[in-house]
Amino acid sequence: MRLIVGYLATPSGKDGLVLGTQLARSLGAQLDICMVLPPDRTLPAKVPSEAGYDDILAARAHDWLAEAKASVPEDIQVEVHLSFHESFAQGLLDEVDRLNALAIVVGASGDGLLGRHAIGSVSTELLHSAHVPVALAPRGTRHSAASAIREVTCALGTRVGADIVLNTAVRTSELMQVPLRLVSLVALDPQNDLRDHRDTAESARERARNHAQDTLDVARAALPAEFPIEVIIADGSTVESAVRQLDWQDGDLVMVGSSRLAQPRKLFLGSTAAKMLRVLPVPMVVVPKHEFTQPEALS
């Protein structure tokens, strides 16, 4: 199993690297640190091109990658890769195919609040085009004291693809041997597939409770007896307030599915997940909208 970290020699890049290290240790995976440079730069005619600039930049990139590799603990198998592409995101996707990697890990852009996600251009492109799960590290993850993932939280609704993210979360928590927390979002989704126009507030909540219990039963059936698992019904006036009310700890990981607007075998960040991302203090993994053919977690 191989995980790609899209790396830059920046605080955001270090955030992604720390999350990648936590995931690799928890999954028993190899870490592939990938840096993507533009193939060349066309400078205005009045600006002379410095001889050998590209070679100097490539050499510096190799130094950055070597420094990143040296920062990874010795118990993690790690390799570094430098490639060239006009698009950093597409360069990472090309590396996924070349290395047969199972997921991409990236840090948030550098202008967000500490402990929060701020989606930049690379993350946005990946979240709308990747064919493998994308793990997003909030700003400040580089300061995490967690050596591995502590708990997997799976946020679930009733829309198409909910069974896929549930299956992925179950397999991931079992492989990591960490508790699984299921969070039902049904009560927060006015367009959930269980909604009835005759619903009252209480009947809608009863539907949410039934959905939560059904989800718990499915997960328990797929996990060994006595595996630590719980289910929570997210409650609040908004998605953001509901997420804030949940208990989050260092080392936690959230898994969500793609929007129903996603093309087959592609990601597309839905509106609920986007709202969660604004206030979520822990990493999020967005899972593609397709059935997985490989048995490993995050695959």
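## Arg2 and its partner

Let's start with Arg2, which is partly exposed, with a relative accessible area of 21%. In this predicted model, Arg2 forms a salt bridge with Asp32, and their closest N and O atoms are 2.9 Å apart. Because Arg2 sits in strand β1 (residues 2-6) and Asp32 in strand β2 (residues 30-37), the pair ties together parts that are 30 residues apart in sequence.

Is Asp32 buried or exposed? Asp32 is buried, with a relative accessible area of 0%.

## A link between a loop and a helix

Another pair to look for is Arg142 and Asp15, whose side chains meet in a salt bridge at 3.0 Å, N to O. This pair links distant parts of the chain, 127 residues apart: Arg142 is in the loop between β5 (134-137) and β6 (151-156), while Asp15 belongs to helix α1 (residues 11-27).

Here, too, you can check the surroundings of each partner. Arg142 is partly exposed, with a relative accessible area of 26%, whereas Asp15 is buried, at 1%.

## A salt-bridge network

Next, find Glu151, which forms a salt bridge with Arg181; the closest N and O atoms are 3.7 Å apart. Glu151 lies in strand β6 and Arg181 in strand β7 (residues 180-184), so this bridge ties together parts that are 30 residues apart in sequence. Both Glu151 and Arg181 are buried.

Which residues are joined with them into one network? Through salt bridges that share partners, Arg150, Glu151, Arg181 and Asp252 form one network. Across the model, the count of salt bridges comes to ten. As a general point, side chains of opposite charge can pair when their charged atoms come close.

Now turn to the nonpolar side chains. In soluble globular proteins, such side chains tend to be buried together. The largest nonpolar core in this model has 47 residues, and the members that touch the most others are Leu23, Leu31, Leu180 and Leu182. Helix α5 (residues 162-176) supplies the largest share of this core, seven residues.

What does Leu23 touch, leaving aside residues up to four places away in sequence? Its contacts are Leu3, Val105, Ala135, Ile149, Met176 and Leu253. There is also a second, separate core of 37 residues, with Phe88, Val183, Met284 and Val286 among its members.

Conventions: Residues are numbered from 1 along each chain as its sequence is written. This is a predicted model: local features need pLDDT of at least 70, side-chain atom pairs count only at pLDDT 80 or more; totals for chains, interfaces and linings use all residues. Side-chain values use heavy atoms; hydrogens and water are left out. A salt bridge is a side-chain nitrogen of Lys or Arg within 4 Å of a carboxyl oxygen of Asp or Glu. Helices (H or I, at least four residues) and strands (E, at least two) are DSSP runs, numbered from the N terminus. Buried means under 20% relative accessible area, exposed over 50%, partly exposed in between (1.4 Å probe, protein chains only). A nonpolar core is a set of buried Ala, Val, Leu, Ile, Met, Phe, Trp, Tyr and Cys residues joined through side-chain atoms within 4.5 Å. Contact means heavy atoms within 4.5 Å.
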